[in-house]
Amino acid sequence: ETDDEKEKRVQEELSFIKKHIKFKASELFFADAIIFVEGITEEVLLSYYISIDKQLNKKYITIFNINGAHGLVYHHLIKLLDVPTLVITDLDIKRSEQEKKDFIQIDNLKTRTTTNKTIVKYNLKDSIDSLSTSHFKDNNLYIAFQGDKIEDFYATSLEESLILSNYNNDILNTTIQKVKPEIYQEILTDSNERKNLIQYSYKLQRKLSSSKSDFANELLYQLSINEEDNLPELPNYIKDALEWLKTELGFTQDEE
């Protein structure tokens, strides 16, 4: 990369950051902690679970939706702010067009690569066939992604992670059924076959990709009316990230 190319890239990153923080700058600069997320589902879900957490709800935590896998461009800003910061991102396993068309589930990472530039930066390569972690840490920065199998598969998004982690959860099943009734009925030929969601988790998340706002809003509604009863489990990579955040904020395990 030449000096001119580097300067151009820096200016592009600065322009991008200015655009995205225009209306949330005060939240970023006065927050106790920051969580960068890639989409509406992550934003809604984390906002809800933090609001009911007896430790994290005591802190001013800003959840910043960057609408895509652009976390890397915020690296310098994160270091400048010097507060505990999570980046919740996706493993973004590269699939062939045929694999996408056939909704192929990924059960191993052999020969696989990622298209996620943040993961490439901290993994030092795009190959993820020897990946042995679900996060990277860099001082005040914690980057979390789906690095471990859930029900024998690697998830490609938060939605798929939720499905694999909660295939038998009433709230999640009701949400999917209301947002995508036809595909839900196709997968569950009767109410006793919820385990089928595991084998079709990638297909479901692809079908939900055009309805993420509907999915997030319906999920929030179902969470709210069930009053914390039988809530879906957060995927482990997010639970671990929130535990790191609690430690960085000075909480102990037995503190409320």
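Contact here means heavy atoms within 4.5 Å. Helices (H or I, at least four residues) and strands (E, at least two) are DSSP runs, numbered from the N terminus. This is a predicted model, in which local features need pLDDT of at least 70 and side-chain atom pairs count only at pLDDT 80 or more, while totals for chains, interfaces and linings use all residues. Residues are numbered from 1 along each chain as its sequence is written, and side-chain values use heavy atoms, with hydrogens and water left out.

**View 1. Helix 8 against helix 12.** Helix 8 spans residues 170-179 and helix 12 spans residues 212-225. Their axes come within 9 Å and cross at roughly 140°. Axes are lines fitted to C-alpha atoms, for helices over the stretch in contact, and angles run from 0 to 180 degrees between N-to-C directions. The two helices are therefore oblique to each other. Angles under 35 degrees count as roughly parallel, over 145 as roughly antiparallel, 65 to 115 as roughly perpendicular and the rest as oblique. The crossing is right-handed; that is, the near helix is turned clockwise from the far one by less than a right angle. Helix 8 brings Ile 171, Leu 172, Thr 174, Thr 175, Ile 176, Lys 178 and Val 179 to the contact. Helix 12 meets them with Asp 214, Phe 215, Glu 218, Leu 219, Gln 222 and Leu 223.

**View 2. Helix 3 against helix 12.** The axes of helix 3 and helix 12 come within 8 Å and cross at roughly 15°. The pair is therefore roughly parallel. Helix 3 passes helix 12 in a right-handed crossing. From helix 3, the contact uses Ile 40, Thr 41, Val 44, Leu 45, Tyr 48 and Tyr 49. From helix 12 come Lys 212, Ser 213, Phe 215, Ala 216, Leu 219, Leu 220 and Leu 223.

View 3. Thr 41 sits in helix 3. Is Thr 41 buried or exposed? Thr 41 is buried, with a relative accessible area of 1%. Buried means under 20% relative accessible area, exposed over 50%, partly exposed in between (1.4 Å probe, protein chains only). Neighbours within four places in sequence aside, Thr 41 is in contact with Leu 158, Glu 159, Leu 162, Lys 212, Phe 215 and Ala 216.

View 4. Two strands pair if DSSP finds at least two bridges between them. Strand 1 and strand 2 pair in the parallel sense over five bridges. Ala 33 stands opposite Ile 61 there. Strand 1 and strand 3 are also parallel, over three bridges, with Leu 86 as the bridge partner of Ile 35. Strand 3 and strand 5 pair in the parallel sense over four bridges, and Ile 88 stands opposite Ala 144. Strand 4 and strand 5 (residues 141-144) pair in the antiparallel sense over four bridges. Phe 136 has Ile 143 as its bridge partner.

**View 5. Burial of strand 2 and strand 3.** Five of the five residues of strand 2 are buried, so strand 2 is largely enclosed by the rest of the structure. Ile 61, Ile 63 and Asn 65 point one way, Thr 62 and Phe 64 the other. Strand 3 is covered on both faces. Thr 85 and Val 87 are buried on one side, Leu 86 and Ile 88 on the other.

View 6. Tyr 122 belongs to helix 6 (residues 117-123).
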